[in-house]
Amino acid sequence: MIDLLNKFKQVAGMEITNVLDDPIVPKMLGKSLSLVIPHEFLCPITLEIMRDPVIIASGQTFERESVQKWFDSNHRTCPKTRQTLAHLSIAPNYALKNLILQWCEKNNFKLPKKDDSETSECTAEQKEEIVSLVEQLSSSKLEVQKEAVRKIRLLSKENPENRILIADCGAIPPLVQLLPYPDSKILEHAVTAVLNLSIDESNKRLIAQQGAIPAIIEILQSGSTEARENSAAALFSLSMLDENKITIGLSDGIPPLVDLLQNGTIRGKKDAVTALFNLSLNQANKARAIDAGIVLPLMNLLEERNLGMVDEALSILLLLATHPEGRHKIGQLSFIETLVEYIREGTPKNKECATAVLLELGANNSSFILAALQYGVYEHLIQLTEGGTSRAQRKANALLQLISKSEHL
């Protein structure tokens, strides 16, 4: 797995940026300038490397403290998939934790201590600095504005306290006003600062209320490579609120995300696929994604296994399969054959996701099941019922029951 991650780093190397400008890496972590943290090591809630990864009932992994706060806020759903959870128990993900520790040791990367980010208190001097920076965002001097927004970008990724303080000092309205700015560097700093601030739950609504979403979408369409990627990440973060999912869809945010998924860098594709999954939890957005041509780039991700986004692609296809037009678009013989291939020889998670997609398709149209039988799916389903993940076993058994019913028709 370490070798695989290293290969991924090499492929992603063309898009490696200075770590001090990376919006998803805390400034206080010690790391080399060319280091990119593997996407799998980042908590989906905080977008920061996990110290204590845990698995919840949906099978997703989060930083223990982050997901516990989510549960303590009376949420009974998975923060990433939004599915209702059967229980709120959490289990340590020892395999991932060990992998993170190995990677840190190999790359001389120092994990943050809890006190580094969570027990720091904002001094009066820090607050005074932030207030001054917020005022400078509206300066008539370009260089003053540029330096102010750059510093706010850096401060907003340091810790949760800064994100709250920066918002409390009134930074969000002037930052949003800078999003359409003609200077590309100011625009890039501004959208990244908005991304960082949006990690805080209370800021998500404030950012949307200031009219940021259409401006972010505009950057996604025509900004620099890094600005487009950070815009996609910002839309994902904002879309954690259901009302923002609707706003993004109505503001034509889905077509440029699909374009990034099709033509972006590896990081861009990852940002886009994550945002599109979240947005497709909304029924109206499923139709918009289908109309925007999402199926083809998702199929491409299934073929390009080295990109490591097979499960993400299958998860979106599962959502699209619940929509009549989605079933029409993806229900091709070549796709059914691909599903069977993943059920036969994919990773345990691949098999689980592929089986779930086939079940959704087959439950609505028996011809999909007949096609899968032609590709030998039956024996692979039998194997899954004996050795697959618990979810894969449930889906495989449900498919076998559908097959049995179809044979009696």
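**Helix packing and a pocket**

Biologist: Why are H9 and H12 called roughly parallel to each other?

Modeller: In this predicted model, the axes of helix H9 (residues 184-198) and H12 cross at roughly 25°. Angles under 35 degrees count as roughly parallel, therefore H9 and H12 are roughly parallel to each other. Their axes come within 9 Å, and the crossing of H9 past H12 is left-handed.

Biologist: Which residues make the contact of H9 with H12?

Modeller: Contact means heavy atoms within 4.5 Å. On the H9 side that gives Leu-187, Glu-188, Val-191, Thr-192, Leu-195 and Ser-198. H12 contributes Glu-226, Ala-227, Asn-230, Ser-231, Ala-233, Ala-234, Ser-237 and Leu-238. Sorted by class, the contact has seven nonpolar, five polar and two charged residues.

Biologist: H9 also packs on helix H6 (residues 142-155). What makes H6 roughly parallel to H9?

Modeller: The angle between H6 and H9 is about 30°. The limit is under 35 degrees, so H6 is roughly parallel to H9. Their axes lie 8 Å apart, and H6 passes H9 in a left-handed crossing.

Biologist: Which residues of H6 and H9 are in contact?

Modeller: From H6 they are Leu-142, Gln-145, Lys-146, Val-149, Arg-150, Ile-152 and Arg-153. From H9 they are Lys-185, Ile-186, Glu-188, His-189, Ala-190, Thr-192, Ala-193 and Asn-196.

Biologist: How are helix H17 (residues 295-303) and helix H18 (residues 310-320) placed?

Modeller: H17 and H18 pack at an angle of about 145°, and their axes are 8 Å apart. The crossing of H17 past H18 is left-handed.

Biologist: What makes up the lining of the second largest pocket?

Modeller: A lining residue has an atom within 4 Å of a pocket point, and 34 residues line this pocket. Ile-45, Thr-46, Ser-66, Lys-69 and Ile-199 lie nearest its centre. Helices giving two or more residues to the lining are H2 (64-72), H4 (114-118), H7 (160-168), H10 (201-209) and H12 (225-238). H2 gives the largest share, four residues.

Biologist: What is the class make-up of that lining, and how much space lies in the second largest pocket?

Modeller: The lining divides into 14 nonpolar, seven polar and 13 charged residues. The space in the pocket is about 760 Å³.

Conventions:
Residues are numbered from 1 along each chain as its sequence is written. This is a predicted model: local features need pLDDT of at least 70, side-chain atom pairs count only at pLDDT 80 or more; totals for chains, interfaces and linings use all residues. Side-chain values use heavy atoms; hydrogens and water are left out. On a 1 Å grid over the protein atoms alone, a cavity is a set of points where a 1.4 Å probe fits but cannot get out, and a pocket is an open set with protein on both sides within 12 Å along at least five of seven lines; lining residues have an atom within 4 Å of a point. Grid points are joined across faces, edges and corners, and a volume is the space filled by probe spheres set on the points. Ala, Val, Leu, Ile, Met, Phe, Trp, Tyr, Cys and Pro count as nonpolar, Asp, Glu, Lys and Arg as charged, and the others, Gly among them, as polar. Axes are lines fitted to C-alpha atoms, for helices over the stretch in contact, and angles run from 0 to 180 degrees between N-to-C directions. Angles under 35 degrees count as roughly parallel, over 145 as roughly antiparallel, 65 to 115 as roughly perpendicular and the rest as oblique. A crossing is left-handed if the near helix is turned anticlockwise from the far one by less than a right angle, and right-handed if clockwise.
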